[in-house]
Amino acid sequence: MEQYTVEQLKTIAKVSTTCKRLEITRRERLERWAESLERSSRPFLKTLHETEYQPIADRIALRDDDTPISVAFADPILRAAGMENDSYGEAKRFFELSDEQLHDLVCFCHFGERVSAATVARRVRKIASHKPGGFFAQLRAFFG
C-alpha cells in the first residue's frame, strides 16, 4: 500500500481536513454509552474517588483508564458525535449530566474500587429514559 502526505494528496484530490460532527440526541448518546458498556470486554471497571469532594477544577479533570467514561470515549460513534476525552468534566458536558447523576454512575462511594459494567449500563439507561415532570417542565413544553 502506498502512503502519501496530505500535501501530496492535495495535488491529486480534493482533501478536506474538517469532519462534520455526527448529530445525535442526548438520549441517543446515553443509549450508545449503555450499549458500549454492555459490549465492554471488561466486566468490571474502575471507579473515580470522591468525586463529590473534589474542587471543581480537579473534578473536571478526573480520569482513569478502564472506567465507564473511558469505555464511552473508546466508542467511535460517541467520538464522532463530539466526545473529546475521557475526563469527568467531558462526560458531564457531552452527556449533559448533573454532578449528582455522574457521581451516581462513576463514584467509588457507591460501588467500591470496581463496578460492574452492566450495573452502570442499567443506570445510564435509567437516566436516558427519564422524562422531566412537574408543573414547570409542562410549562416549558407548552411555551417552548
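## The largest pocket

Helix α9 supplies the largest share of the lining of the largest pocket, four residues. This is a predicted model, in which local features need pLDDT of at least 70, side-chain atom pairs count only at pLDDT 80 or more, and totals for chains, interfaces and linings use all residues. Residues are numbered from 1 along each chain as its sequence is written, and side-chain values use heavy atoms, with hydrogens and water left out.

The pocket has a volume of about 190 Å³. Its lining consists of Q101, D104, L105, R123, K126, I127, S129 and H130. The elements that give two or more residues to this lining are α7 and α9 (117-129). A pocket is an open set of points on a 1 Å grid over the protein atoms alone, where a 1.4 Å probe fits, with protein on both sides within 12 Å along at least five of seven lines; lining residues have an atom within 4 Å of a point. Grid points are joined across faces, edges and corners, and the volume is the space filled by probe spheres set on the points.

## Overall build

The protein has ten helices and two strands. Starting at the N terminus, the order of elements is α-α-β-α-α-α-α-α-α-β-α-α. Helices (H or I, at least four residues) and strands (E, at least two) are DSSP runs, numbered from the N terminus.

Of the 144 residues in the protein, 32% are buried. Buried means under 20% relative accessible area, exposed over 50%, and partly exposed in between (1.4 Å probe, protein chains only). Among the contacts with a separation of 6 or more, 61% are between residues 24 or more positions apart; a contact means heavy atoms within 4.5 Å.

## Aromatic rings

A pair of aromatic rings is described by the distance of the centres and the angle of the planes. The structure holds two aromatic pairs. W33 and F95 form a stacked pair, 4.4 Å centre to centre with 20 degrees between the planes. This pair links distant parts of the chain: W33 is in helix α2 (residues 26-39) and F95 in the loop between α6 (88-94) and α7 (99-106), 62 residues apart. F94 and F95 form an edge-to-face pair, at 4.9 Å centre to centre and 80 degrees between the planes. Rings of Phe, Tyr and Trp (its six-membered ring) pair if their centres lie within 6.5 Å; planes under 30 degrees apart count as stacked, over 60 as edge-to-face and the rest as tilted.

Ring pairs join W33, F94 and F95 into a cluster. W33 and F95 are both buried. F94 counts as buried because its relative accessibility is 4%, and F95 because its value is 0%.

## Charges over rings

The charged end of R29 sits over the ring of F94, 5.1 Å from its centre. Likewise, the charged end of R79 sits over the ring of F73, 5.7 Å from its centre. The rule is that NZ of Lys or CZ of Arg is within 6 Å of the ring centre and within 35 degrees of the ring normal.

T47 is in the loop between β1 (44-46) and α3 (56-61). T47 counts as buried because its relative accessible area is 5%. Leaving out residues up to four places away in sequence, T47 touches V106, C107, F108, F111, G112, E113, R114 and V115. A polar atom of the T47 side chain lies 2.7 Å from the backbone oxygen of G112.

E100 lies in helix α7. E100 counts as exposed because its relative accessibility is 61%. The C-alpha atoms of E100 and E52 are separated by 8.2 Å, although the two residues are 48 residues apart along the chain.

Key. Polar contact = N/O pair within 3.5 Å; in protein donor to acceptor, adjacent residues only side chain to side chain.
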